[in-house]
Amino acid sequence: MSIIDWENLSFGYVKTNYNVRCYYRNGKWGELEISSSDTLNVHIAATGLHYGQEAFEGLKAFRGVDGKVRLFRWEDNAQRMIDSANGILMAELPKEIFYGAVEKAIKLNAEFIPPYGKGASLYVRPLLFGSGPQVGVKPAEEYMFVVFVTPVGPYFKEGFKPVSMLVTREFDRAAPLGTGRYKVGGNYAASLNSIKKAHAGGFANVLYLDAREKKYIDECGPANFFAIKDNTYITPKSDSILPSITNKSLMQLAKDAGLDVEVRKVAVEELATFEEVGACGTAAVISPINKIVDEDEDKVYTFGSDKPGKISTQLYNKLTGIQTGTEKDTHNWISVVDV
Ligand SMILES: *Cc1c(COP(=O)(O)O)cnc(C)c1O
């Protein structure tokens, strides 16, 4: 049995009872396997370790107001993992195996699903990597798929609160025609130095510009960027950003609420004209941003006060309401897991 202090969970690793694994060998995927160990036995020449042949996903299961366990848009995560696999030449994982493993991992660890009303959830982390050996640079012939879960607390411990971001031209996260659009670990390794710099300056994260011209906004660390102006939801169009499922959902909810939606290039100077800006992703849903410092241009952009903007708050409440069953799921985004 677990004794968890639901109120004080952070976004970190908590050991649960089981994880689920599946192996790709001899050109096909095997059966799901259950493990109670949280370590892996991996070949010393695995391509995932040497050449970054690795992709991951992140989604959440929520205990609803009615006690039901809801999983948000898992099929989009499964499709994105297929896209990531194709992007770095890994074996594609069929959606049924993805769902089967996610469902099993949730059910086997039901006691770790936080109760409703604490802002906490069960974070689900699927991982796919080249497990077969290669010394030359080529794709592995064997792959391993793992799903583990861990309970996570609310992203904002003091409530839904704005953060600040740094624009720097010292580092890029992804090349213009590189792997920025895939959810691969290599992009994260490439971002660590810039995040360290942002944290040292007191910023929550980095707002990356396009690597080619350094003129347009790409995304915010591990989250997409959006802005609100003149009743319009604006989000950058770029080949090097990761297509966020949260962003896609917010675009739909913005449309539902009567806003216009624009997906287009967003020049960094346009920040001066925005009424509300935010970062969006599974971890926080929305992180409202109240200050962006462009260190090279010596500019400081501010948005609103210490409180999140009106439209950001409205979208946040709607999306988190759908996830916990207090708002109607009109777009069929929810799958109930029978735990
Ligand atoms: C995962 C991720 C996001 C957010 O995607 P969601 O599907 O909304 O969780 C945004 N940017 C990057 C770089 C990511 O890896």
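## A ligand and its contacts

In this predicted model, a ligand nitrogen atom lies 3.4 Å from a polar backbone atom of Pro222. That makes a polar contact (a pair of N or O atoms within 3.5 Å). The protein covers 96% of the 380 Å² of accessible area that the ligand has on its own (Shrake-Rupley method, 1.4 Å probe).

Residue numbers start from 1 along each chain as its sequence is written. Local features need pLDDT of at least 70, side-chain atom pairs count only at pLDDT 80 or more, totals for chains, interfaces and linings use all residues, and side-chain values use heavy atoms, with hydrogens and water left out.

## Who's around it

There are 15 residues around the ligand, and Lys183, Tyr188, Ser244, Thr246 and Thr282 come nearest (near means a heavy atom within 4 Å). Sorted by class, this shell has five nonpolar, six polar and four charged residues, with Gly counted as polar.

## The largest cavity

What is the volume of the largest cavity? It's about 120 Å³, counted as the space filled by probe spheres set on the grid points. A cavity is a set of points on a 1 Å grid over the protein atoms alone where a 1.4 Å probe fits but cannot get out, and lining residues have an atom within 4 Å of a point. Thr246 and Thr282 are among the lining residues here.

Conventions: Polar contact = N/O pair within 3.5 Å; in protein donor to acceptor, adjacent residues only side chain to side chain. 1 Å grid on protein atoms, 1.4 Å probe; cavity = no way out; pocket = protein on both sides within 12 Å on 5 of 7 lines; lining within 4 Å.
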